[in-house]
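Trainee: I would like to go through this model with you. Please show it, then I will ask.

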Amino acid sequence: MLKLLERLLKEKVATEAITFKEGEAMPYLPDGTKVTADIIKSRLGRSLHVRHLDAGSCNACDFEMGALSNPLYDLHRYGIHFDASPRHADLLMVTGVVTRNLAEALKRSYEAMPEPRLVMACGDCAIDGGAYGESYAIVGPAEKVVPVDIYVPGCPPRPNVMIAGLIAAADMLAEKLK
Ligand code: SF4
């Protein structure tokens, strides 16, 4: 027990401050407004609940998203949590281009969410089809199926950029709940 306490006192906290690279593509809103430090200002006053839906990604976006919960990025410090059901979610986070097989699931997930609800297109594929575009098997970007409120660019986006987008989404939800 004493050894464990000694180790805990010596070890530094692994969680890093959120930082961005010079010229890094930042999240943006439908009117083209970029998410900046000034936009990331308000707090929701409660936690933000996120339902993730992989609409047909190569999985790289999902791996980066998975890193959000590790001790380095520690998404929970912002009061943002992933949910197992869209019925409990404020935000639908879509990764990947929308395949025809997943389009209905995306539509139904959106419809199952309580109002007010938000949708994030996370990654270039969800934003504009990315490398996959449209084909017999692919519907295209997320906004072809559901209205999108925030875009997080990158292929894949870095976890810090996703965090910026999620905090901006919490700001948007706070506005909607006023
Ligand atoms: S945006 Fe890039 S990393 Fe993300 S699903 Fe598309 S190809 Fe994969």
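**Fold, ligand shell and surface**

Mentor: The protein has 5 helices and 7 strands. Helices (H or I, at least four residues) and strands (E, at least two) are DSSP runs, numbered from the N terminus. The model is predicted: local features need pLDDT of at least 70, side-chain atom pairs count only at pLDDT 80 or more, and totals for chains, interfaces and linings use all residues. Residues are numbered from 1 along each chain as its sequence is written, and side-chain values use heavy atoms, without hydrogens and water.

Trainee: Which helices each supply at least two residues of the shell around the ligand?

Mentor: A residue counts as near if one of its heavy atoms lies within 4 Å. The residues around the ligand are S57, C58, A60, C61, D124, C125, Y132, G154, C155 and P156. At least two come from each of helix 2 (60–66) and helix 4 (124–128).

Trainee: How do the residues of that shell divide into nonpolar, polar and charged?

Mentor: Ala, Val, Leu, Ile, Met, Phe, Trp, Tyr, Cys and Pro count as nonpolar, Asp, Glu, Lys and Arg as charged, and the others, Gly among them, as polar. The division is 7 nonpolar, 2 polar and 1 charged.

Trainee: Is M1 buried or exposed?

Mentor: M1 lies in the segment before helix 1 (2–10). Buried means under 20% relative accessible area, exposed over 50%, partly exposed in between (1.4 Å probe, protein chains only). M1 has 84%, so M1 is exposed.
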